[in-house]
Amino acid sequence: MKDSLLQYQELALGSRLKRLSDYLMKEVAIIYKALSIDFDPYHMPIFKLIGEQKELTIGEISELLNVTQPAVTQYINSLEQKKMIQRKIGKNDRRKKKVNLSHLGNKMLVELKPIWKVIDSELKLLTHNSSHETLLEHVTYIEDETREESLSKRILSKIKR
């Protein structure tokens with residue numbers, strides 16, 4: 001079946017990138033489910049950043065990821081409900097609440113790091129090993145490659161469990 005978005009070229013760039021983004025998130029969710037990991041792929045940037053920085057305020061996270069504070073708060077609340085993070089009152093300024101990974105969150109981070117390494121490696125194959133010159137050609141290449149073999153199958157075949 002022909003992909004009708006291709007005919008609209010740059011005009012459909014936003015739609016194609018959104019479609020590709022949705023696809024990538026869905027595939028990573030499949031990977032987590034296949035590995036019995038209860039983790040939302042949309043939480044990865046905030047979760048990983050907190051794991052690397054150890055302790056951050058919502059404002060700092062917002063600034064570092066260039067995401068709105070309400071969006072960060074929503075993700076933080078979700079991670080807190082899953083007991084992955086905890087909030088602490090700031091030492092110097094009691095109005096500022098710092099977030100850090102909980103014991104459970106640190107265990108999850110250890111479990112996710114090798115999986116993220118494989119995901120990163122496979123995405124690099126799709127994004128770096130292409131002779132396509134324009135962004136649209138490259139997006140088409142990624143779409144075509146992942147139609148041949150899904151990203152989740154590529155990654156799960158390389159994760160040793």
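Me: Which residue stands opposite L56 in β3?
Reply: In this predicted model, the residue of β3 that stands opposite L56 is V99. Strand β1, residues 56-57, is joined to strand β3, residues 97-101, by two bridges, and the two strands run antiparallel.

Me: Which strand pairs with β3 over five bridges, and in what sense?
Reply: That partner is strand β2, made of residues 85-89, which pairs with β3 in the antiparallel sense. Within β3, N100 is the residue that Q86 stands opposite. As a general idea to keep in mind when looking at such strands, side chains in a regular strand alternate between the two faces of the sheet.

Me: How do helix α2 and helix α4 pack?
Reply: Two packed helices are described by the angle between their axes and by the distance between those axes. Here helix α2 (residues 44-53) and helix α4 (residues 69-81) pack at an angle of about 75°, and their axes are 10 Å apart. The angle therefore makes α2 roughly perpendicular to α4. On the α2 side the contact is made by I46, F47 and I50, while α4 contributes V72, Y75, I76 and L79. By class, the residues of this contact are seven nonpolar, with no polar and no charged ones.

Me: What volume does the largest pocket have, and which residues are the closest to its centre?
Reply: Empty space left between atoms is shown by rolling a probe the size of a water molecule over them. The largest pocket has a volume of about 430 Å³, and of the 18 residues that line it, M25, P41, Y42, M44 and P45 are the closest to its centre. The elements giving two or more residues to this lining are α1 (13-34), α2 and α5 (103-128). The lining has 16 nonpolar, no polar and two charged residues.

Technical notes: Residues are numbered from 1 along each chain as its sequence is written. This is a predicted model: local features need pLDDT of at least 70, side-chain atom pairs count only at pLDDT 80 or more; totals for chains, interfaces and linings use all residues. Side-chain values use heavy atoms; hydrogens and water are left out. Axes are lines fitted to C-alpha atoms, for helices over the stretch in contact, and angles run from 0 to 180 degrees between N-to-C directions. Helices (H or I, at least four residues) and strands (E, at least two) are DSSP runs, numbered from the N terminus. Angles under 35 degrees count as roughly parallel, over 145 as roughly antiparallel, 65 to 115 as roughly perpendicular and the rest as oblique. Contact means heavy atoms within 4.5 Å. Ala, Val, Leu, Ile, Met, Phe, Trp, Tyr, Cys and Pro count as nonpolar, Asp, Glu, Lys and Arg as charged, and the others, Gly among them, as polar. On a 1 Å grid over the protein atoms alone, a cavity is a set of points where a 1.4 Å probe fits but cannot get out, and a pocket is an open set with protein on both sides within 12 Å along at least five of seven lines; lining residues have an atom within 4 Å of a point. Grid points are joined across faces, edges and corners, and a volume is the space filled by probe spheres set on the points. Two strands pair if DSSP finds at least two bridges between them.
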